[in-house]
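This report describes one protein model, moving from a local backbone feature to the overall architecture. The sequence and structure follow.

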Amino acid sequence: METSTNKLPTILIVGAGVGGLSLYQSIRKNLGQKFNVKIFERENSPEERWQGYNIYIRRQGVTSLFYCTPPEVQARFPEAMPDPVPKEHHTIAIIDHIGRQLLHIPQPKYKSVYEIESLKHDFAGIITYRNKLRDILLEGVDIQWGKKCIGYEETEDGVWVLFEDGTREFGDLLIGADGINSPIRKQKVPNLEIFNLGITAINVDVAIPKNLADKMASFYSNSLMQKSIGQNGDSFFSMMRLVPIEKSDEPCYRLTLAYHYPTILDIEDENCKVDDDNPESVIKHAISRIKQLRPPCELTDLMIEIFSLVSYSDPEKKILFPRRRPLRDIDPLSVPPWKDDRIVLLGDAAHAMNPILGLGANNAIQDADLLTKELLKYENDNLIECIRQYNTKMRARASKDVQASRTTALRPAVPVGSFGLFARYCIFRAINAIIYVVVFIQTRT
Ligand SMILES: Cc1cc2nc3c(=O)[nH]c(=O)nc-3n(C[C@H](O)[C@H](O)[C@H](O)COP(=O)(O)OP(=O)(O)OC[C@H]3O[C@@H](n4cnc5c(N)ncnc54)[C@H](O)[C@@H]3O)c2cc1C
């Protein structure tokens, strides 16, 4: 592939999520001398869709975020990643169905997001407000809103991206950063399919009062990433900060909570009538499944109380509406390597993963970092070689995380009896011991 030497090649990015925006920022910061960049988003404005919920950004993701962004964006990171407050442990704790601890990852010490990159600790990371991170990444970005991509057309010397409104744009490279349902992926790699794990998730974002936040913290030894595994194939997964939400009279804390259970339960249950467009119906269903699958105990009561707090009405429809969603993923190594050409996939478009290990956004940001570094090697006619390197490394890294997230979701989705429970405790204790040894070695050297 050759590009004209007297004009900079143009990169077209479709999708202004965390992946697309990180790449846009990175091209402007690190590749401004080599490429022009344009970004397109199907939504009509930054506020159109709820961007909320808490996400975990681990050290590798933080490192890539710093690489991709200019100082004025980095200066705003604490808006999305406030400094840890004394009680907070930005790690995961796993407990059983009645609250007994199974695994607790040791806490790395840092005072702010600016210290994470240099930590020698595999489990360092920070719980982040996803909506605020997106706002920050929008800084200085000239997005073309209301541009829903419906496909592309390649020519000998470039690529046209096609939009639903009948317009099109020409460029040298097209980046599909358009999420799990990416029309660009469907055209480029039609055989790369979405895998359904057979697990239903009901996700809610809820503001909880201080007494409930304290109870959650105490069940999980102050860990902010929290998982409780049930005996009947169900689990709770939650993430919170102990930093109160702004603009509330009483201190209130944002909790992202997901309840997971085997989808087969809904299929086999003839009385299961849930209206997924009616949040009240979905919440009632979640509570009835919890009562069915969990033993009566303090932890169960707490989860029911939290689900009961979800507000049902938002006139502007900008909250994360609870609905039943299947856990899904895309393993980029489940198909033979696709062609290295002008069409490049990034983030969930290439490798969506279920949220249980909190790795999806991290991988999207790492993709932006990797693609930038490969494009830094671009000279005259080696664009395809840069893309080849990116595709190979991205697929290998992301596939590993997709598979790890899949296994972690599927393993507890099988009901266990007393022997299974005993085996589960033994396995978790062994894993926990190994993690402590690894962290001890890492932090001593
Ligand atoms: C409940 C939950 C918790 C999660 N927790 C974590 C976590 O703790 N850590 C973590 O790393 N990840 C987490 N994730 C995953 C993470 O949110 C995603 O992996 C991440 O958002 C992917 O970023 P992306 O930019 O690739 O895609 P997206 O964020 O999906 O962005 C894609 C963008 O493309 C736009 N778009 C889509 N189609 C088109 C089109 N046809 N034309 C134009 N634009 C289009 C969309 O509007 C969107 O703006 C979680 C996900 C969920 C649901």
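Where is the place of Asn 222? Asn 222 sits in the loop that joins α7 and β13. The model discussed here is a predicted one.

## Positive phi angles in a loop

Asn 222 is a residue other than glycine with a positive phi, near 70°. In the loop between α7 (210-219) and β13 (223-229) one also finds Ser 221. Ser 221 is likewise not a glycine, and its phi is positive at about 50°. As a general rule, most residues other than glycine have a negative phi.

## Overall architecture

The protein contains 14 helices and 17 strands. Its radius of gyration is 22 Å, close to the 22 Å that the globule rule gives for 445 residues, so the protein is as compact as a globular protein of that length. Taken along the principal axes, the C-alpha atoms fill a box of roughly 70 × 55 × 45 Å.

Of the 445 residues, 44% count as buried. Among contacts with a separation of 6 or more, 78% are made by residues 24 or more positions apart.

## Domains

The domain assignment divides the protein into domain 1 (10-46 + 138-194 + 330-410) and domain 2 (84-126 + 197-328 + 415-445). Between the C-alpha centres of domain 1 and domain 2 the distance is 30 Å. Domain 1 supplies nine residues to the contact and domain 2 supplies six residues. On the side of domain 1 that touches domain 2, the residues comprise six nonpolar, two polar and one charged.

## Ligand shell and annotated segment

There are 32 residues around the ligand, of which Gly 15, Gly 17, Gly 347, Gly 358 and Gly 360 come nearest. Two or more residues of this shell come from each of α1, β3 and α12 (360-375). The largest share, four residues, is given by α12. Sorted by class, the shell has 15 nonpolar, 10 polar and seven charged residues.

An unreviewed UniProt entry annotates residues 337-404 as "domain: FAD-binding". Over residues 337-404 the chain is 62% helix and 4% strand. The C-alpha atoms at the ends of this segment are 20 Å apart.

Helix α5 spans residues 130-137, and its buried residues are Arg 130, Asn 131, Leu 133, Ile 136 and Leu 137. The elements covering these buried residues include the helices α1 (18-30), α3 (71-74) and α4 (77-80). The strands β3 (54-58) and β6 (125-129) are also among the covering elements.

## Phe 170 in strand β10

Phe 170 belongs to strand β10, which runs over residues 168-171. Phe 170 counts as partly exposed because it has 14 C-beta neighbours inside 10 Å. Apart from neighbours within four places in sequence, Phe 170 is in contact with Gly 158 and Trp 160.

Asn 354 lies 184 residues from Phe 170 along the chain, and the C-alpha atoms of the two are separated by 34 Å.

Notes:
Residues numbered from 1 in each chain as written. Predicted model: local features only at pLDDT ≥ 70, side-chain atom pairs only at ≥ 80, totals over all residues. Buried ≥ 20, exposed ≤ 12 C-beta atoms within 10 Å, placed from the backbone. Contact = placed C-beta atoms within 7 Å. Near = placed C-beta within 6 Å. Nonpolar A, V, L, I, M, F, W, Y, C, P; charged D, E, K, R; others polar. UniProt positions renumbered as here; feature names shortened; annotations may be inferred. Rg over C-alpha atoms; globule rule 2.2 N^0.38 Å. Domains from an automatic or database assignment.
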